[in-house]
Amino acid sequence: MQKIAVIGAGVIGLSTIVKLNQNGYKVELFTKDDPTETNSSYAGAIWDGTFKEGVYREWSEVSLLQYIEDAKSKDSGVALKGLLQIYRTEVPDPWFKNTIPMFQVVSEIDKPPGVKEAHYYSVPHIDPKKYLEFLFEKVSKENTIFYRELHSLGEISEDFDVVINCSGLGSRELAKDTTMYPVFGQLLLSDSINTEHSYMDDEEFTYYFSHEGHVVFGGVALKDKEFSEDQENITAEIIQKVQKILPQFNDSKISKIQIGVRPGRKYVRLETEHLENTKIIHNYGHEGLGYTYAWGCASSVVKKLLLHS
(Lines give C-alpha, C1' and ligand atoms only; values in the text may rest on other atoms or scores of the structure.)
Protein backbone atom coordinates (compact mmCIF):
# COMPACT_ATOMS: atom_id res chain seq x y z
CA MET A 1 0.00 0.00 0.00
CA GLN A 2 1.29 3.45 -0.90
CA LYS A 3 2.29 5.81 1.89
CA ILE A 4 0.16 8.95 1.48
CA ALA A 5 0.24 12.41 3.05
CA VAL A 6 -2.48 15.04 2.79
CA ILE A 7 -1.72 18.69 3.52
CA GLY A 8 -4.61 20.84 4.72
CA ALA A 9 -7.61 20.22 7.00
CA GLY A 10 -10.22 22.48 5.41
CA VAL A 11 -13.23 21.04 3.61
CA ILE A 12 -11.08 20.15 0.58
CA GLY A 13 -8.51 18.21 2.60
CA LEU A 14 -11.00 16.43 4.86
CA SER A 15 -13.34 15.39 2.05
CA THR A 16 -10.34 14.08 0.12
CA ILE A 17 -9.23 11.98 3.08
CA VAL A 18 -12.72 10.55 3.64
CA LYS A 19 -12.87 9.52 -0.03
CA LEU A 20 -9.42 7.95 0.21
CA ASN A 21 -10.46 6.01 3.30
CA GLN A 22 -13.57 4.76 1.50
CA ASN A 23 -11.26 3.36 -1.17
CA GLY A 24 -9.00 1.57 1.30
CA TYR A 25 -6.25 4.17 1.75
CA LYS A 26 -4.96 5.45 5.10
CA VAL A 27 -3.15 8.77 5.21
CA GLU A 28 -1.09 11.06 7.37
CA LEU A 29 -2.66 14.50 7.64
CA PHE A 30 -0.51 17.60 8.09
CA THR A 31 -2.27 20.76 9.24
CA LYS A 32 -1.19 23.87 11.10
CA ASP A 33 -4.75 24.57 12.28
CA ASP A 34 -7.64 22.76 13.86
CA PRO A 35 -10.27 22.20 11.12
CA THR A 36 -12.68 24.58 12.86
CA GLU A 37 -10.08 27.35 12.57
CA THR A 38 -9.30 26.93 8.88
CA ASN A 39 -10.69 29.35 6.29
CA SER A 40 -13.34 26.73 5.46
CA SER A 41 -14.86 27.30 8.90
CA TYR A 42 -15.65 30.94 8.09
CA ALA A 43 -17.63 30.29 4.92
CA GLY A 44 -21.34 31.04 4.27
CA ALA A 45 -21.90 28.18 3.25
CA ILE A 46 -24.28 26.63 0.74
CA TRP A 47 -23.92 24.42 -2.29
CA ASP A 48 -24.12 26.62 -5.42
CA GLY A 49 -24.12 24.71 -8.68
CA THR A 50 -25.73 27.36 -10.90
CA PHE A 51 -24.20 27.95 -14.33
CA LYS A 52 -21.45 25.36 -13.93
CA GLU A 53 -20.16 23.62 -17.05
CA GLY A 54 -17.77 20.80 -17.91
CA VAL A 55 -15.74 19.32 -15.08
CA TYR A 56 -16.99 22.02 -12.70
CA ARG A 57 -20.53 20.73 -13.18
CA GLU A 58 -19.35 17.16 -12.64
CA TRP A 59 -17.65 18.16 -9.39
CA SER A 60 -20.73 20.11 -8.30
CA GLU A 61 -23.05 17.17 -8.96
CA VAL A 62 -20.92 14.72 -6.97
CA SER A 63 -20.91 17.16 -4.05
CA LEU A 64 -24.67 17.76 -4.28
CA LEU A 65 -25.40 14.05 -4.01
CA GLN A 66 -23.04 13.75 -1.04
CA TYR A 67 -24.69 16.64 0.82
CA ILE A 68 -28.16 15.20 0.19
CA GLU A 69 -26.90 12.01 1.83
CA ASP A 70 -25.17 13.87 4.67
CA ALA A 71 -28.35 15.81 5.41
CA LYS A 72 -29.84 12.53 6.66
CA SER A 73 -27.46 12.69 9.64
CA LYS A 74 -28.52 15.10 12.40
CA ASP A 75 -24.86 15.55 13.44
CA SER A 76 -23.54 16.63 10.03
CA GLY A 77 -24.58 20.28 10.08
CA VAL A 78 -26.07 19.84 6.60
CA ALA A 79 -29.71 20.67 5.96
CA LEU A 80 -31.83 21.01 2.81
CA LYS A 81 -33.52 24.41 2.99
CA GLY A 82 -35.35 26.74 0.65
CA LEU A 83 -33.38 29.31 -1.34
CA LEU A 84 -34.86 32.17 -3.38
CA GLN A 85 -32.43 32.85 -6.23
CA ILE A 86 -33.15 35.97 -8.26
CA TYR A 87 -32.00 37.09 -11.71
CA ARG A 88 -32.25 40.32 -13.67
CA THR A 89 -32.15 38.52 -17.03
CA GLU A 90 -33.94 35.45 -18.30
CA VAL A 91 -32.16 32.22 -17.43
CA PRO A 92 -32.85 28.56 -18.16
CA ASP A 93 -33.92 26.16 -15.45
CA PRO A 94 -30.84 24.85 -13.62
CA TRP A 95 -29.34 21.54 -14.68
CA PHE A 96 -29.83 20.11 -11.19
CA LYS A 97 -33.57 20.78 -10.85
CA ASN A 98 -34.45 17.07 -11.07
CA THR A 99 -31.81 16.08 -8.52
CA ILE A 100 -32.92 18.32 -5.66
CA PRO A 101 -36.09 17.55 -3.65
CA MET A 102 -37.92 20.73 -4.65
CA PHE A 103 -37.73 23.27 -7.49
CA GLN A 104 -40.15 25.86 -8.81
CA VAL A 105 -40.13 28.92 -11.02
CA VAL A 106 -41.50 31.90 -9.09
CA SER A 107 -44.62 33.42 -10.67
CA GLU A 108 -44.80 37.01 -11.91
CA ILE A 109 -46.99 37.99 -8.96
CA ASP A 110 -44.52 36.65 -6.40
CA LYS A 111 -41.31 38.00 -7.93
CA PRO A 112 -39.52 40.80 -6.06
CA PRO A 113 -39.59 44.22 -7.84
CA GLY A 114 -37.07 44.63 -10.65
CA VAL A 115 -36.49 40.90 -10.98
CA LYS A 116 -36.73 39.25 -14.40
CA GLU A 117 -36.74 35.67 -13.16
CA ALA A 118 -36.64 33.91 -9.82
CA HIS A 119 -36.27 30.30 -8.76
CA TYR A 120 -37.17 28.81 -5.42
CA TYR A 121 -35.61 25.47 -4.55
CA SER A 122 -34.18 23.35 -1.77
CA VAL A 123 -30.41 23.40 -1.58
CA PRO A 124 -27.83 22.04 0.87
CA HIS A 125 -26.95 24.55 3.60
CA ILE A 126 -23.76 23.63 5.41
CA ASP A 127 -22.94 24.81 8.92
CA PRO A 128 -19.15 24.99 8.43
CA LYS A 129 -17.89 24.31 11.93
CA LYS A 130 -20.36 21.48 12.53
CA TYR A 131 -19.60 19.91 9.17
CA LEU A 132 -15.83 20.15 9.61
CA GLU A 133 -16.17 18.55 13.05
CA PHE A 134 -18.35 15.84 11.48
CA LEU A 135 -15.70 15.09 8.85
CA PHE A 136 -12.77 15.39 11.24
CA GLU A 137 -14.30 12.83 13.59
CA LYS A 138 -14.30 10.35 10.70
CA VAL A 139 -10.77 11.28 9.67
CA SER A 140 -9.40 11.02 13.22
CA LYS A 141 -10.58 7.43 13.59
CA GLU A 142 -8.66 6.05 10.62
CA ASN A 143 -5.64 8.29 10.02
CA THR A 144 -2.63 9.86 11.70
CA ILE A 145 -2.72 13.62 12.30
CA PHE A 146 0.25 15.96 12.68
CA TYR A 147 -0.24 19.59 13.72
CA ARG A 148 2.68 21.06 11.87
CA GLU A 149 3.16 24.04 9.59
CA LEU A 150 4.98 23.22 6.36
CA HIS A 151 6.83 25.70 4.18
CA SER A 152 7.64 23.47 1.23
CA LEU A 153 6.47 20.17 -0.20
CA GLY A 154 10.05 18.98 -0.01
CA GLU A 155 9.90 18.92 3.79
CA ILE A 156 7.90 15.68 3.69
CA SER A 157 8.00 14.44 0.10
CA GLU A 158 10.92 12.04 0.64
CA ASP A 159 8.94 10.23 3.33
CA PHE A 160 5.88 9.48 1.16
CA ASP A 161 4.95 7.86 -2.12
CA VAL A 162 2.15 10.40 -2.64
CA VAL A 163 1.59 13.89 -1.25
CA ILE A 164 -1.84 15.44 -1.84
CA ASN A 165 -1.73 19.20 -1.57
CA CYS A 166 -5.02 20.66 -0.29
CA SER A 167 -3.42 23.70 1.32
CA GLY A 168 -5.57 26.36 -0.33
CA LEU A 169 -3.92 29.76 -0.19
CA GLY A 170 -0.90 28.09 1.41
CA SER A 171 -0.01 26.80 -2.06
CA ARG A 172 1.47 30.20 -2.85
CA GLU A 173 4.38 29.07 -0.68
CA LEU A 174 4.13 25.28 -0.73
CA ALA A 175 3.68 24.89 -4.49
CA LYS A 176 5.33 28.20 -5.43
CA ASP A 177 2.10 29.09 -7.25
CA THR A 178 2.23 32.77 -8.13
CA THR A 179 -1.22 32.61 -9.76
CA MET A 180 -2.88 32.25 -6.35
CA TYR A 181 -4.38 35.36 -4.78
CA PRO A 182 -6.32 36.11 -1.58
CA VAL A 183 -9.95 37.21 -1.63
CA PHE A 184 -11.07 38.89 1.59
CA GLY A 185 -14.60 38.12 2.73
CA GLN A 186 -16.78 39.42 5.54
CA LEU A 187 -20.05 38.05 6.92
CA LEU A 188 -22.53 39.30 9.47
CA LEU A 189 -24.15 36.72 11.75
CA SER A 190 -27.42 37.16 13.59
CA ASP A 191 -28.99 34.86 16.18
CA SER A 192 -31.94 37.18 16.81
CA ILE A 193 -33.58 37.23 13.39
CA ASN A 194 -35.51 34.48 11.62
CA THR A 195 -36.07 34.09 7.89
CA GLU A 196 -38.46 31.74 6.11
CA HIS A 197 -35.86 30.87 3.51
CA SER A 198 -32.44 31.89 2.22
CA TYR A 199 -31.84 34.47 -0.51
CA MET A 200 -29.23 34.96 -3.22
CA ASP A 201 -28.69 37.76 -5.71
CA ASP A 202 -25.45 37.01 -7.56
CA GLU A 203 -25.47 40.22 -9.57
CA GLU A 204 -25.58 42.43 -6.47
CA PHE A 205 -23.67 39.84 -4.42
CA THR A 206 -26.30 40.14 -1.70
CA TYR A 207 -27.38 37.09 0.25
CA TYR A 208 -28.52 35.62 3.50
CA PHE A 209 -28.35 31.95 4.43
CA SER A 210 -30.48 30.46 7.17
CA HIS A 211 -28.68 27.97 9.39
CA GLU A 212 -29.82 26.33 12.61
CA GLY A 213 -29.78 29.01 15.29
CA HIS A 214 -28.43 31.83 13.15
CA VAL A 215 -28.55 33.59 9.80
CA VAL A 216 -25.49 34.62 7.77
CA PHE A 217 -25.58 37.87 5.77
CA GLY A 218 -23.23 38.99 3.02
CA GLY A 219 -21.38 39.65 1.07
CA VAL A 220 -18.12 41.11 -0.07
CA ALA A 221 -15.18 39.73 -2.07
CA LEU A 222 -12.06 41.92 -2.17
CA LYS A 223 -9.47 40.45 -4.53
CA ASP A 224 -5.78 40.59 -3.52
CA LYS A 225 -6.63 41.44 0.09
CA GLU A 226 -6.03 39.21 3.09
CA PHE A 227 -7.28 41.82 5.52
CA SER A 228 -9.32 44.99 5.36
CA GLU A 229 -9.10 47.91 7.78
CA ASP A 230 -12.41 49.10 6.37
CA GLN A 231 -14.54 46.47 8.12
CA GLU A 232 -16.87 49.06 9.67
CA ASN A 233 -17.79 50.47 6.25
CA ILE A 234 -18.12 46.96 4.82
CA THR A 235 -20.57 46.12 7.59
CA ALA A 236 -22.60 49.25 6.81
CA GLU A 237 -22.59 48.38 3.11
CA ILE A 238 -23.85 44.83 3.75
CA ILE A 239 -26.60 46.14 6.04
CA GLN A 240 -27.68 48.66 3.41
CA LYS A 241 -27.89 45.99 0.70
CA VAL A 242 -29.74 43.49 2.88
CA GLN A 243 -32.25 46.07 4.14
CA LYS A 244 -33.60 46.46 0.59
CA ILE A 245 -34.95 42.92 0.83
CA LEU A 246 -35.16 42.45 4.60
CA PRO A 247 -36.05 45.85 6.14
CA GLN A 248 -36.02 44.58 9.72
CA PHE A 249 -32.28 43.86 9.54
CA ASN A 250 -30.03 46.47 11.20
CA ASP A 251 -26.83 46.69 13.22
CA SER A 252 -28.63 45.85 16.46
CA LYS A 253 -29.38 42.41 15.01
CA ILE A 254 -25.71 41.55 14.46
CA SER A 255 -24.35 39.06 16.96
CA LYS A 256 -20.98 38.50 15.29
CA ILE A 257 -18.82 39.81 12.46
CA GLN A 258 -16.84 37.08 10.74
CA ILE A 259 -13.95 37.52 8.34
CA GLY A 260 -12.07 35.04 6.18
CA VAL A 261 -9.85 34.72 3.12
CA ARG A 262 -10.84 32.71 0.06
CA PRO A 263 -8.08 30.91 -1.92
CA GLY A 264 -8.40 32.64 -5.28
CA ARG A 265 -7.18 31.23 -8.59
CA LYS A 266 -8.47 31.58 -12.17
CA TYR A 267 -8.92 27.81 -12.42
CA VAL A 268 -8.96 25.06 -9.80
CA ARG A 269 -5.69 23.20 -9.87
CA LEU A 270 -6.32 19.47 -9.82
CA GLU A 271 -3.35 17.82 -11.45
CA THR A 272 -0.40 15.54 -10.84
CA GLU A 273 3.31 16.28 -10.93
CA HIS A 274 6.41 14.57 -9.52
CA LEU A 275 8.97 15.75 -7.02
CA GLU A 276 11.81 13.31 -7.60
CA ASN A 277 10.23 9.92 -6.76
CA THR A 278 7.14 11.29 -5.04
CA LYS A 279 3.83 11.86 -6.79
CA ILE A 280 2.25 15.21 -5.92
CA ILE A 281 -1.49 15.63 -6.51
CA HIS A 282 -2.61 19.24 -6.26
CA ASN A 283 -6.18 20.02 -5.21
CA TYR A 284 -6.56 23.73 -4.48
CA GLY A 285 -7.70 27.11 -5.81
CA HIS A 286 -11.47 26.72 -5.28
CA GLU A 287 -11.98 30.35 -4.22
CA GLY A 288 -15.54 30.76 -2.85
CA LEU A 289 -16.79 27.39 -4.14
CA GLY A 290 -14.88 24.97 -1.94
CA TYR A 291 -18.02 23.41 -0.51
CA THR A 292 -19.59 23.14 -3.97
CA TYR A 293 -16.60 21.37 -5.54
CA ALA A 294 -15.15 19.51 -2.53
CA TRP A 295 -16.55 16.01 -3.00
CA GLY A 296 -16.23 16.05 -6.77
CA CYS A 297 -12.60 17.05 -6.51
CA ALA A 298 -12.03 14.43 -3.82
CA SER A 299 -13.37 11.77 -6.18
CA SER A 300 -11.08 13.05 -8.94
CA VAL A 301 -8.09 12.78 -6.61
CA VAL A 302 -8.93 9.12 -5.94
CA LYS A 303 -9.21 8.49 -9.69
CA LYS A 304 -5.77 10.04 -10.25
CA LEU A 305 -4.35 7.87 -7.50
CA LEU A 306 -5.88 4.68 -8.90
CA LEU A 307 -4.90 5.56 -12.47
CA HIS A 308 -1.21 5.71 -11.65
CA SER A 309 -0.99 3.11 -8.88
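Helices (H or I, at least four residues) and strands (E, at least two) are DSSP runs, numbered from the N terminus. The structure is a predicted model, in which local features need pLDDT of at least 70, side-chain atom pairs count only at pLDDT 80 or more, and totals for chains, interfaces and linings use all residues. Residues are numbered from 1 along each chain as its sequence is written, and side-chain values use heavy atoms, with hydrogens and water left out.

The chain has seven helices and 15 strands. Its C-alpha trace spans about 65 × 45 × 35 Å along the principal axes. The radius of gyration is taken over C-alpha atoms, and the globule rule is 2.2 Å times the number of residues to the power 0.38. For 309 residues, a compact globule would have a radius near 19 Å; the chain has 20 Å, which agrees. Contact means heavy atoms within 4.5 Å. Among contacts between residues at least 6 apart in sequence, 74% join residues at least 24 apart.

Accessible areas come from the Shrake-Rupley method with a 1.4 Å probe; for residues, only the protein chains shown count as cover. The accessible surface of the chain comes to about 14600 Å². Carbon and sulfur atoms account for 47% of this surface. A residue is buried under 20% relative accessible area, exposed over 50%, and partly exposed in between (1.4 Å probe, protein chains only). Of the 309 residues, 54% count as buried.

In soluble globular proteins, nonpolar side chains tend to be buried together. A nonpolar core is a set of buried Ala, Val, Leu, Ile, Met, Phe, Trp, Tyr and Cys residues joined through side-chain atoms within 4.5 Å. The largest core here has 52 residues, of which Tyr67, Tyr131 and Ile164 touch the most other members. Helix 7 (residues 290-307) gives the most to this core, with eight residues. Leaving aside residues up to four places away in sequence, Ile164 touches Ile4, Ala5, Val6, Ile7, Thr16, Leu20, Ile281 and Val301. A second, separate core has 20 residues, including Ala118, Ile239, Val242 and Leu246.

Phe227, Ile257 and Ile259 make a nonpolar surface patch of about 270 Å². Patches are made of residues with over 30% relative accessible area and no salt bridge; like charges are joined within 9 Å, nonpolar side chains (Val, Leu, Ile, Met, Phe, Trp, Tyr) within 5 Å. Phe227 is in the loop between strand 12 (221-223) and helix 6 (231-243).

A salt bridge is a side-chain nitrogen of Lys or Arg within 4 Å of a carboxyl oxygen of Asp or Glu. By this rule the count comes to 14. Glu142 pairs with Lys26, with the closest N and O atoms 2.6 Å apart. This pair links distant parts of the chain, 116 residues apart: Glu142 is in helix 3 (residues 128-142), and Lys26 is in the loop between helix 1 (11-22) and strand 2 (27-31). Glu142 is partly exposed, at 36% relative accessible area. Lys26 is also partly exposed, at 46%.

Asp201 forms a salt bridge with Arg88, the closest N and O atoms being 2.7 Å apart. Asp201 is in strand 9 (residues 198-201), and Arg88 is in the loop between strand 3 (78-87) and strand 4 (103-105), 113 residues apart. Asp201 is buried, with a relative accessible area of 2%, whereas Arg88 is partly exposed at 32%.

Lys130 and Glu212 also meet in a salt bridge (3.5 Å, N to O). Lys130 is in helix 3, and Glu212 is in the loop between strand 10 (206-211) and strand 11 (214-218), 82 residues apart. Lys130 counts as partly exposed at 35%, while Glu212 is exposed at 63%. A network of salt bridges links Arg269, Glu271 and Glu273.

Most residues other than glycine have a negative phi, and most peptide bonds are trans. Gly44 and Ala45 are joined by a cis peptide bond, with omega about -5°. Ala45 is in the loop between strand 2 and helix 2 (54-70). The bond from Gly218 to Gly219 is cis too, with omega near 10°. Gly219 is in the loop between strand 11 and strand 12.

Phe51 has a positive phi, near 60°. Phe51 is in the loop between strand 2 and helix 2 and counts as exposed, at 52% relative accessibility. Glu287 has a positive phi near 45°. Its place is in the loop between strand 15 (278-284) and helix 7. Glu287 counts as partly exposed, at 30% relative accessibility.
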